[in-house]
Structures are given as C-alpha cells and as structure tokens.
Amino acid sequence: MDANISTTIRPGTEHDAEGLFQIHVDSVKDLCATAYSREQIKRWFEGRHAREYVEHLSHGRIWVATAAERLLGFTECWPGHIDRLFVAPWATGRGIGDRLLRFAMEQALSKGHEIIKIEATLNAEPFYGKYGFKKISNSSFVQPSGIEIETVLMEMRRPC
Ligand SMILES: CC(C)(COP(=O)(O)OP(=O)(O)OC[C@H]1O[C@@H](n2cnc3c(N)ncnc32)[C@H](O)[C@@H]1OP(=O)(O)O)[C@@H](O)C(=O)NCCC(=O)NCCS
C-alpha cells in the first residue's frame with residue numbers, strides 16, 4: 001500500500017459486505033493466531049458468510065477505512081459501545097487502527113455516554129490498553145461452529 005495515499009473513514013454500505021468479511025477472516029487468521037489455538041482459528045468462521053455483514057451494515061453502525069477506494073479495515077460502534085475493529089493484515093502498522101479506534105471512541109462517547117465497553121480478543125488487549133481501556137473481566141463467546149473464543153471485557157471512562 002502506498003503510505004502517501006490518504007485514508008478516509010466513511011459509513012459502510014452493503015457493497016462492502018464481501019470485502020469486510022474477507023478482511024475479518026484474514027485479520028483473524030494472521031493477527032489473532034498469536035493468542036488462539038489452531039483449532040480456534042480454523043473453526044472461527046465455519047458456517048459464517050459475508051451476508052452476516054449485510055444485516056450489520058443495515059444498522060448503520062459499521063464504518064470503513066479506505067484509501068483510493070480500497071478497504072483497509074473497519075469498526076462497528078454505537079453510543080456506549082465498540083463492537084469490533086479489524087485492520088487488514090497487509091495494512092497494519094500504518095496508523096489505520098489508531099484512526100479507526102479514535103473515530104469509534106468519538107462515536108461511542110456521543111449522546112452523553114461516559115463509558116465505553118468493548119469485548120476484546122486476547123491479542124488486542126494491549127492495543128486497547130494503550131488508549132485507556134481497562135480489563136474488567138474474562139469472558140468468551142461461542143461461534144456458530146460451536147468453538148469457544150476467550151475474550152476480555154474492557155471499559156474506558158471519558159477522561160475528565
Ligand atoms: C490491533 C489492530 C487493530 C492494530 O491495528 P494497526 O493498524 O496495526 O494499529 P496502528 O498502526 O494504528 O497502531 C496504533 C498504535 O497501537 C500500537 N499497537 C498496534 N497493535 C498493537 C498490539 N497488538 N498491541 C499493542 N499495541 C499495538 C502501535 O504500536 C501504535 O502505537 P504508537 O502510536 O505508540 O506507535 C490490528 O492489529 C488488528 O486488526 N488486529 C486483529 C484484530 C483484532 O483482534 N481486533 C480486535 C477485535 S475486538
């Protein structure tokens with residue numbers, strides 16, 4: 001990717017569904033593999049399809065980072081909450097995660113919300129920690145394949 005091409009953040013549309021799903025899959029395979037077993041990574045997306053994004057996109061909560069119309073990453077957020085944030089493996093280390101998280105935090109702290117909650121993957125805990133998120137508890141969720149994925153519930157309060 002050309003580092004000189006500027007990154008923009010725009011609302012996701014249903015035309016982005018395939019691209020978002022691919023980034024999600026690639027990001028988990030490459031970037032979450034440090035914290036999860038081969039079995040977990042393999043079964044993370046079993047039975048899941050790009051069409052799950054069509055529904056998420058219809059709520060208007062997904063925002064995508066692009067450069068020259070190419071998808072680089074995305075976040076899903078709403079007042080009080082950040083649900084997910086993934087950057088394409090080939091686009092990491094260039095400030096895309098920073099842009100997306102700052103944007104998501106602004107959205108999450110809108111409409112009078114003072115606290116942001118997030119369920120983070122284990123590999124991303126130090127990333128969120130850099131931005132003031134604190135671990136509240138261990139958690140987990142179960143994928144459609146039946147595999148359990150351990151996570152960390154984190155929280156951030158609006159700075160005084
Ligand atoms: C975590 C992730 C979003 C970071 O994206 P990125 O585009 O590489 O991040 P940036 O280049 O904007 O880095 C921003 C800052 O975070 C730091 N950082 C990035 N990844 C980090 C990590 N895993 N742990 C700790 N710090 C991290 C960078 O060093 C940088 O700090 P600096 O400004 O002091 O140099 C990306 O690696 C990713 O998509 N991971 C897998 C997806 C995932 O697990 N998401 C969480 C699901 S809720």
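Tyr 36 touches Ile 41 and Ile 149 when residues up to four places away in sequence are not counted, two residues being in contact if their C-beta atoms, placed from the backbone, lie within 7 Å. The structure is a predicted model, in which local features need pLDDT of at least 70 and side-chain atom pairs count only at pLDDT 80 or more, whereas totals for chains, interfaces and linings use all residues. Residues are numbered from 1 along each chain as its sequence is written.

Tyr 36 is placed in the loop between helix 1 and helix 2; helices (H or I, at least four residues) and strands (E, at least two) are DSSP runs, numbered from the N terminus. With 18 other C-beta atoms within 10 Å, Tyr 36 is partly exposed, a class that falls between buried (20 or more other C-beta atoms within 10 Å of the residue's own) and exposed (12 or fewer), with C-beta atoms placed from the backbone. Although Tyr 36 and Ile 149 are 113 residues apart along the chain, their C-alpha atoms are separated by 8.0 Å. Gln 40, which lies in helix 2 (residues 38–43), is partly exposed, with 18 other C-beta atoms within 10 Å, and it touches Ile 147 and Ile 149, again not counting residues up to four places away in sequence. From C-alpha to C-alpha, Gln 40 and Arg 94 are 28 Å apart in space, and they are 54 residues apart in sequence.

Helix 1 has 15 residues, which at 1.5 Å a residue should span 21 Å, and its end C-alpha atoms are 21 Å apart, in agreement with that value; the expected span is 1.5 Å times one less than the number of residues. The buried residues Ala 17, Leu 20, Ile 23, His 24, Ser 27 and Val 28 belong to helix 1. They cover an arc of only 125 degrees around the axis, which puts them on the same side of helix 1, the arc being that of the directions from the helix axis to the C-beta atoms. Among the elements that cover these buried residues of helix 1 are helix 2, helix 3 (51–58), strand 2 (62–67), strand 3 (70–78) and strand 4.

Helix 4, with 13 residues, reaches 18 Å from its first C-alpha to its last, close to the 18 Å expected at 1.5 Å a residue. Its buried residues are Ile 96, Gly 97, Leu 100, Leu 101, Ala 104, Met 105 and Ala 108. Seen down the axis of helix 4, these buried residues fall within an arc of 155 degrees, so they line one face of the helix. Arg 102 and Glu 106 are exposed on the other side of helix 4, while the buried residues of the helix pack against strand 1 (7–11), strand 2, strand 3, strand 4, strand 5 and helix 5.

Strand 3 and strand 4 pair in the antiparallel sense over six bridges, where two strands are said to pair if DSSP finds at least two bridges between them. Within this pairing, Leu 85 in strand 4 is the bridge partner of Thr 75. The hairpin of strand 3 and strand 4 has two residues between the strands, and in it Gly 80 takes a positive phi near 95 degrees. Strand 6 and strand 7 (residues 148–157) also run antiparallel and are joined by eight bridges, with Glu 150 in strand 7 as the bridge partner of Ser 140. In their hairpin, which has five residues between the strands, Gly 146 takes a positive phi near 100 degrees. Of the nine residues of strand 6 (residues 134–142), the number buried is zero, so this strand lies largely in the open.

Most residues other than glycine have a negative phi. Lys 111, in the loop between helix 4 and strand 5, has a positive phi of about 55 degrees and counts as exposed, with 9 C-beta neighbours inside 10 Å.

Around the ligand there are 21 residues, of which Leu 31, Thr 92, Gly 97, Asp 98 and Ala 124 come nearest; a residue is near a molecule if its C-beta atom, placed from the backbone, lies within 6 Å of it. Strand 4 gives the most to this shell, with four residues.
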